[in-house]
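Me: I have a structure open and would like to go through it piece by piece. Can we start with the charged side chains and move on from there?

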Amino acid sequence: MRHSNGQRRLDHYHPATSESVDTLTTTTTGSQHTAVYAEVVEVEEYELGSDVEPAEAQGTLKLTSRRSIHSGPRRRARDETKKEIQVDDEASLRDLLISLQKQVSVMSMNLSAKLDELQRGDRHYETTVALCDIRTQLQELTKSVESCQSEVSEVKRDMVAIKHELDTVQQVKEEIEELREYVDRLEEHTHRRKLRLLEQGLTFFLSYAILAAVLGMLQFGYNTGVINAPEGNIEYFMKDVYKSRYGEDLADEEVQRLYSLAVSIFAIGGMLGGFSGGMVANRFGRKGGLLLNNVLGIGGACLMWFTKVTNSYEMLFIGRFIIGVNCGLNTSLVPMYISEIAPLNLRGGLGTVNQLAVTVGLLLSQVLGIEQFLGTNEGWPLLLGLAICPALLQLILLPICPESPRYLLITKQWEEEARKALRRLRASNQVEEDIEEMRAEERAQQAEASISMMELICSPTLRAPLVIGVVMQLSQQLSGINAVFYYSTSLFASSGLTDESAKFATIGIGAIMVGMTLVSIPLMDRTGRRTLHLYGLGGMFIFSIFITISFLIKEMIDWMSYLSVVSILSFVVFFAVGPGSIPWMITAELFSQGPRPAAMSIAVLVNWLANFLVGIGFPSMKNALENYTFLPFSVFLAIFWIFTYKKVPETKNKTFEEILAIFRHGNGRSMLNCVNALEGHLPVEQAGLVHGEEKGDSFGNPFDHNTEELQLFDSAYSAKNLFPSRAHSTYAFYSGT
């Protein structure tokens, strides 16, 4: 309730309907004689909401009662009248309030109904919107459920596939465990077998067979050095023949050119013979090829012997060419034969016997070439013709020797003949270890049994050993040793020695070669091929520098001529230690039975080609470079030393299968310096189980970054031939087939 300007106003607020009611306004004014009582009741209904119109929600009730009472003498009547009026007013007010309450109630009911109707309308609208949303969501949910059902079906199928995969994996694991157990047993067995192979010794018949075979290398050494000592006699013969034919003297330059042709044509024949060595070895066998080759040796020696009788230096050229073919075949067949009949622990030493025979032939030719023996105008044809002796001697001795057991077993599949040959060579009936090793090599080379030269060159696995074999051959010929062999007498003479002293110094070269080769035989299987080759190349490099220095200052200091001789002899010493014998041996060791003949043919061809280039080019190079003649050889020696250090593996006490495994599984530096890296770790049979060369490396490796799985893959692949029924699924699983 508020009071303002004498007015009283009662406001009632109905909470349910939000109505504002001014219930009563009473105004009283009076004076002494008059009184006015006025009451106004006003009810207003205000707007209830935004949706309700004001005309519908508003009502007004006014009640005015005014009464004037005159004051007068009739005071009592006035009081009574006042009471009556008050009673009437109260009754009217009560009726008015009741009516107002009824109206308010009706309005409240109407408003409530209206509100309910409005509320029902709002709910319907909201419900419609919500139903639309729900309908949309239900449609999306239906689609999601259908997609989930499809995915569940796929998951079920995947689960089934995974279960099959897990079953396969479990089966593979079981098979791999069996393979591991087998490989462990195989490794133990192979280790014991290799120990028995390493215990084999040198027997009498093995020594006899090697002696008969190396006569071919003696032939090579003899014909390499025999042309050196009688150089002046041969040049005099050429001049005499030319003058008798054409009636005029032959110029010294032409004589020198003809003599260089006589020297170098030997190398041309060697290239031809070396290149055909693999074909001869496969067709006629190692022993059969050597026997047939002696026909060429005898024919060439006879032609050279009768050169002076026929008064034709052309016959000398033909004889040198034919004997070159003979020596080229020998350089291919003899190392191959010896490496295949030698026991594992003696292969290096017996392979060095090749070089020993070469040095003995060189020494023999140098000794017989001095003037006291056959180094005369009458004796030099016989000196050249004595090349018939090694050929005849080999024809007598070699037929008793057996054919190579590896050739009989692997190439010809004559197991019983191979056993007989092994019993004779080992002087024992216990040859099963050798047979097993050969069988392992055969399994390892099944795909390479008939490999050609082109396949050898294109093979990714065999390319690395082929490059090594070729470079090793070049390291022998381009080292400058042939310049010493062919022209040692003139080199010593140019260094200040007399002609007689120069010839004896040349003999000293041969003697040193023989002695150092004998020393290197036990070192070959003790120190290793790679180590000795590095020592040899390094020593040759150092003394080639000394030779150049001695040539430069020999005219200033008298005793420098002796330094030149010592340097040349030391140069030969280091050649005999390594590069003299190792290239022939290691080329045969780097390849197994299948590609070995083709590899030997290529390597020997390169050797003889370099031999020819040095033989024919050294005189011109000597005239052009004079005192700096050996500097190009020094550069080559440095290059070959670096290559040997970086790329050449050690092959000491390793089977052919282990050497093959080095190139099959090794990359870069990891395969080098492996003196005993594979011993005790990689069994012979494990290497043998692996198939031969996969042309183009057709099987990719799915486990490039998982060493353990890669090993399992290799094991599964290795045992594929031993367990065809069980290992097939293992191999197929890991290879993705």
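Salt bridges, rings and confidence

Me: How many salt bridges does a search of the whole structure find?
Reply: The search finds 16 salt bridges. Keep in mind that this is a predicted model.

Me: What do the side chains of Asp252 and Lys239 do?
Reply: They meet in a salt bridge, at 3.1 Å from N to O. The pair links distant parts of the chain, with Asp252 in helix 4 (residues 252–275) and Lys239 in helix 3 (residues 231–246), 13 residues apart.

Me: Is Asp252 buried or exposed?
Reply: Asp252 counts as exposed, because its relative accessibility is 52% and the cut-off for exposed is over 50%. Lys239 has 32% relative accessibility, so this residue counts as partly exposed.

Me: Which residue does Lys243 meet in a salt bridge?
Reply: Lys243 meets Asp249, side chain to side chain, at 3.6 Å from N to O. Lys243 is partly exposed at 46% relative accessibility, whereas Asp249 is exposed at 59%.

Me: OK, next one. What is the N to O distance for Glu415 and Arg439?
Reply: The distance in that salt bridge is 2.5 Å. This pair also links distant parts of the chain: Glu415 belongs to helix 13 (residues 415–426) and Arg439 to helix 14 (residues 432–444), 24 residues apart.

Me: How accessible are Glu415 and Arg439?
Reply: Glu415 has a relative accessible area of 27%, so it is partly exposed. Arg439 is partly exposed as well, at 23% relative accessibility.

Me: Which residues are linked with Glu415 and Arg439 in a network of salt bridges?
Reply: Arg419 and Glu432 are linked with them in that network.

Me: Why would such side chains pair up at all?
Reply: Side chains of opposite charge can pair when their charged atoms come close.

Me: Change of topic: rings. How many aromatic pairs are there in the whole structure?
Reply: A search finds 14 aromatic pairs. One of them is Phe618 with Phe633.

Me: Why is the pair of Phe618 and Phe633 called stacked?
Reply: The planes of the two rings are at 25°, and planes under 30 degrees apart count as stacked. The ring centres are 6.4 Å apart.

Me: Where do Phe618 and Phe633 lie?
Reply: Phe618 is in helix 22 (residues 596–625) and Phe633 is in helix 23 (residues 631–647), so the pair ties together parts that are 15 residues apart in sequence.

Me: What are the relative accessibilities of Phe618 and Phe633?
Reply: Phe618 has a relative accessible area of 2%, so it is buried. Phe633 is at 5% and also counts as buried.

Me: What about Trp641 and Tyr645, how far is it centre to centre?
Reply: It is 5.6 Å, with 5° between the planes, and this aromatic pair is stacked. Trp641 and Tyr645 both lie in helix 23, 4 residues apart, which is about one turn of the helix.

Me: Which ring does the charged end of Arg245 sit over?
Reply: The charged end of Arg245 sits over the ring of Tyr313, 5.0 Å from its centre.

Me: Now the chain overall. How many helices and strands are there?
Reply: The chain has 27 helices and 4 strands. The chain has 737 residues, and 50% of them count as buried.

Me: What share of the accessible surface belongs to carbon and sulfur atoms?
Reply: The share is 59%, out of an accessible surface of about 35100 Å².

Me: And contacts, what share comes from residues 24 or more positions apart?
Reply: Such residues account for 77% of the contacts in the chain with a separation of 6 or more.

Me: Last topic. What is the mean pLDDT of the chain?
Reply: The mean is 75, and 74% of the residues reach 70 or more.

Me: Which elements have the lowest and the highest mean pLDDT?
Reply: Helix 27 (residues 727–735) has the lowest, 35, and helix 11 (residues 388–397) has the highest, 96.

Me: Where does pLDDT stay under 50?
Reply: One such stretch is residues 1–71, for which the model has 134 contacts beyond four places in sequence. Over residues 667–737 the pLDDT is below 50 as well, and this stretch has 144 contacts beyond near neighbours in sequence.

Conventions
Residues numbered from 1 in each chain as written. Predicted model: local features only at pLDDT ≥ 70, side-chain atom pairs only at ≥ 80, totals over all residues. Heavy atoms only, no water. pLDDT = per-residue confidence, 0-100. Helix = DSSP H or I, 4+ residues; strand = E, 2+ residues; numbered from the N terminus. Contact = heavy atoms within 4.5 Å. Phe/Tyr/Trp six-rings, centres within 6.5 Å; stacked < 30°, edge-to-face > 60°. Buried < 20%, exposed > 50% of the residue type's maximum accessible area, 1.4 Å probe, protein only. Lys NZ or Arg CZ within 6 Å of the ring centre and 35° of its normal. Areas by Shrake-Rupley, 256 points an atom, 1.4 Å probe, with all protein chains shown as cover. Salt bridge = Lys/Arg side-chain N within 4 Å of Asp/Glu carboxyl O.
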